Amino acid sequence: MDQQLYDFGMIGLGVMGRNFLLNVADDGFGALGTDIDQESVDALNEEGKEMRVKGVSTQKEFVSLLSRPRKIMMLVPAGKIVDSVIEGLLPILDEGDILIDGGNSHYDDTDRRYEYLKTKGIRFLGAGVSGGAKGARLGPSIMPGGDRSAWEDVRPILETVAAKVNGDPCVTYIGEKSSGHYVKMVHNGIEYGLMQLLAEAYDILKRVGGMDNDQMSELFTRWNNGRLNSYLVEITAAILKFREEGSETHLLDVILDKAKQKGTGKWTSQSAMDIGVPIPTIDSAVTMRAISAFKEYRQDNSKLYTVVHPDEPLLKGEGLAEAVEKALYFGFVCCYAQGMHLLAEASEEMDYKLDLEGIARIWRGGCIIRAELLETIRSAYGKREGLKNMMATIEFREDLHDCRDAVAEIVHQANERGVPSMCLSSALQYFEAFRSERLPLNLVQAQRDYFGSHTYERLDEKGTFHTTWDPKKIHKAGDETDSAIPTDPNEAKVMDPPSGAEG
Ligand SMILES: NC(=O)C1=CN([C@@H]2O[C@H](COP(=O)(O)OP(=O)(O)OC[C@H]3O[C@@H](n4cnc5c(N)ncnc54)[C@H](OP(=O)(O)O)[C@@H]3O)[C@@H](O)[C@H]2O)C=CC1
Ligand SMILES: O=C(CO)[C@H](O)[C@H](O)COP(=O)(O)O
């Protein structure tokens, strides 16, 4: 093999890169890897001894051993490292070679790199990869976007290594420019939401229902055999019962309750805010990770504010379990609905021309958010061209109706005992807001017009209106904000803090 050229190259032989490359080799392709760390190169050579795999130490040797056009994937930490790897490669690549960024890069960086590499004659793909270590090794879900001809060239390899659902590979060309990384970012936003919903269900079962870890593990296993069937429910069941060898304690009970984040969830929320798409369940999950990081504040506050716990929960045992299952299912549907809606709007905003059915299809296997539910989502989008929000489709209408009261009850139970349920509550509130024909935002419009002359529209007349709400208002030319200061001293007083509030 050493004298032959290799079909596929990987830069970065960490958790994802090494496993992805071994997966490529499993499928009979010649697989070549390199890493800044010699130990990772040696480990690949050791692990790939019996396979068509080789690790080399320099980029020069790496590039010289790849067949043309070279097909190189980078799985290195996102950010400046990606740019430095690109700069190192450029002088030794040839026109038409293909570079794939498989990491979790920000879509703006991907657009910049795509344009830059085009000027250098390099065909660039920003390809989200999901599935963690095991997925990369056995079959991930892959979301490539960018140069279409590059996709056609790497397609046979990516379709072979990707996960399969009923023989269908979990990879498709997502679209132009940064669309692949945008879709992966939203995948991760949904991932944040589902994980937090599961964490809240665990907390409620434990603190409201008094269930122990082994009982919860059995329950999650049971749920995984029903409509909640998904990778994240499956691993939650496994985590709940896990004990280290020789230990009586569940490992979960001694893990610090501060969740880290690398950025993709936050970027999803930021982009949704920019475009104006509501994704409160994903936002709440990002916020809960941020709150979790303030452990010391939480410790201090827990001593200051105590919650009176009612003696007997209204729901317990099987009744509670059944209601939590409904709440979780409801939360899952709302979370996917928010992510898909964001993709639908972003597709227009960024001109990505996304195929939402295709995206749901390649998320059914290999990735972290894979779930039985995704087949229903795929079918809902497949049947309706232009569908943006799936909440009102016949596929989900009955289930959401059926689960709604259970979510309200579970949130109530959690509130009664001071157990935070930000994601579950946000899912319920999202549903309530979207099914409200009339929202109280008429008052917000009136307030905006009152203090800032921002105008409003009316239900009973066409046009844009402004009212002089307070004839006593002092208008200072060119400074509308000043006119917002109430002139009535009694009104101003209301804004003073109530006496005795401090301390
Ligand atoms: N872990 C996961 O579950 C998933 C990760 N991702 C994304 O994939 C990317 C890689 O993640 P992951 O494999 O977990 O990260 P790791 O840190 O495990 O691996 C990255 C590897 O790249 C090496 N590296 C760093 N700089 C260079 C360089 N200049 N040239 C060559 N190699 C270099 C690192 O070496 P050293 O350690 O010595 O710095 C390390 O071996 C990230 O963008 C991540 O967000 C995507 C999906 C899932
Ligand atoms: O992309 C992934 C899975 O799909 C990664 O595991 C992701 O990096 C996890 O994100 P975070 O560290 O922010 O929880």
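Predicted model: local features only at pLDDT ≥ 70, side-chain atom pairs only at ≥ 80, totals over all residues.
User: Which residues come nearest to ligand 1?

Analyst: G12, G14, M16, D37 and G103 come nearest, out of 24 residues around ligand 1.

User: And which elements give two or more residues to that shell?

Analyst: Helix 1 (15-26), helix 4 (80-89) and strand 6 (123-130) do.

User: How do the shell residues divide by type?

Analyst: The shell around ligand 1 has 12 nonpolar, nine polar and three charged residues.

User: Switching to helices. At what angle do helix 8 and helix 12 pack?

Analyst: About 70 degrees. Helix 8 spans residues 179-207 and helix 12 spans residues 280-293, and their axes are 8 Å apart. Angles of 65 to 115 degrees count as roughly perpendicular, so helix 8 and helix 12 are roughly perpendicular to each other.

User: Which residues make the contact?

Analyst: From helix 8, G189, I190, Y192, G193, M195 and Q196. From helix 12, T281, I282, S284, A285, V286 and M288.

User: What is the make-up of that contact, nonpolar, polar or charged?

Analyst: Seven residues in the contact of helix 8 with helix 12 are nonpolar, five are polar and none is charged.

User: Now strand 4. Are its residues buried or exposed?

Analyst: Buried, on both faces. K71 and M73 lie on one side of strand 4, and I72 and M74 on the other.

User: In what sense does strand 4 pair with strand 1?

Analyst: Parallel, over three bridges. I11 stands opposite M74 there.

User: And how many bridges with strand 5?

Analyst: Four, also in the parallel sense. Strand 5 covers residues 98-101, and its L99 is the bridge partner of I72.

Key:
Residues numbered from 1 in each chain as written. Chains lettered and ligands numbered in written order. Near = placed C-beta within 6 Å. Nonpolar A, V, L, I, M, F, W, Y, C, P; charged D, E, K, R; others polar. Axes fitted to C-alpha atoms, helices over the stretch in contact; angles between N-to-C directions. Parallel < 35°, antiparallel > 145°, perpendicular 65-115°, else oblique. Contact = placed C-beta atoms within 7 Å. Buried ≥ 20, exposed ≤ 12 C-beta atoms within 10 Å, placed from the backbone. Pairing = 2+ DSSP bridges.
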